[in-house]
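Please read the points below with the sequence and the model side by side. Each one takes up a single topic.

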Amino acid sequence: MVDIMYQNALAEVEEILQNTEEELVAKIPNKIRQFIKENRNQEYMTNIVNVEPLNRQSILPETQALLALIYRSYWATEEEKKEFADRDSIELEKARESLKIDNTFEKRKEEVKIEETTSLIPV
């Protein structure tokens, strides 16, 4: 089952897609569109106004994330997809470096604990 926040976000995505050019909506696989329809919160009242640009509207952060995923996967040009992949590689490398640093600190903490527990106390 899908979390209620994502059900609400799927309702907003569905509303947005209903007011999007058919050419763009057709690029989204039927399975994805069906998932959105089946898992949206049908009772959720969206605040989307069709005449206002999306960037000026208050939509859920989850909706923004889902729309970004749709854009990235189905609407972006090949050049944009390459830029996304390049940025992802850089961010992944940063995350790996950060993890290495964190692991180094954890190892040092363990070494310090071992030294503390094995040292002799003068009597």
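1. Met 5 sits in helix α1, which spans residues 4–18; helices here are DSSP runs of H or I of at least four residues, numbered from the N terminus. Met 5 is partly exposed, at 32% relative accessible area, where buried means under 20%, exposed over 50% and partly exposed in between, using a 1.4 Å probe and protein chains only.

2. This is a predicted model, in which local features need pLDDT of at least 70 and side-chain atom pairs count only at pLDDT 80 or more, while totals for chains, interfaces and linings use all residues. Residues are numbered from 1 along each chain as its sequence is written, and side-chain values use heavy atoms, leaving out hydrogens and water.

3. The largest nonpolar core has 12 residues, among them Leu 10, Ile 28 and Trp 75; such a core is a set of buried Ala, Val, Leu, Ile, Met, Phe, Trp, Tyr and Cys residues joined through side-chain atoms within 4.5 Å. Helix α1 gives the most to this core, with four residues.

4. There are five salt bridges, a salt bridge being a side-chain nitrogen of Lys or Arg within 4 Å of a carboxyl oxygen of Asp or Glu. One of them joins Arg 72 and Asp 88 at 2.0 Å, N to O; because Arg 72 lies in helix α4 and Asp 88 in helix α5, this pair ties together parts 16 residues apart in sequence.

5. Asp 86 and Lys 82 also form a salt bridge, with their closest N and O atoms 3.2 Å apart. These two residues are four apart in helix α5, and so are separated by about one helical turn.
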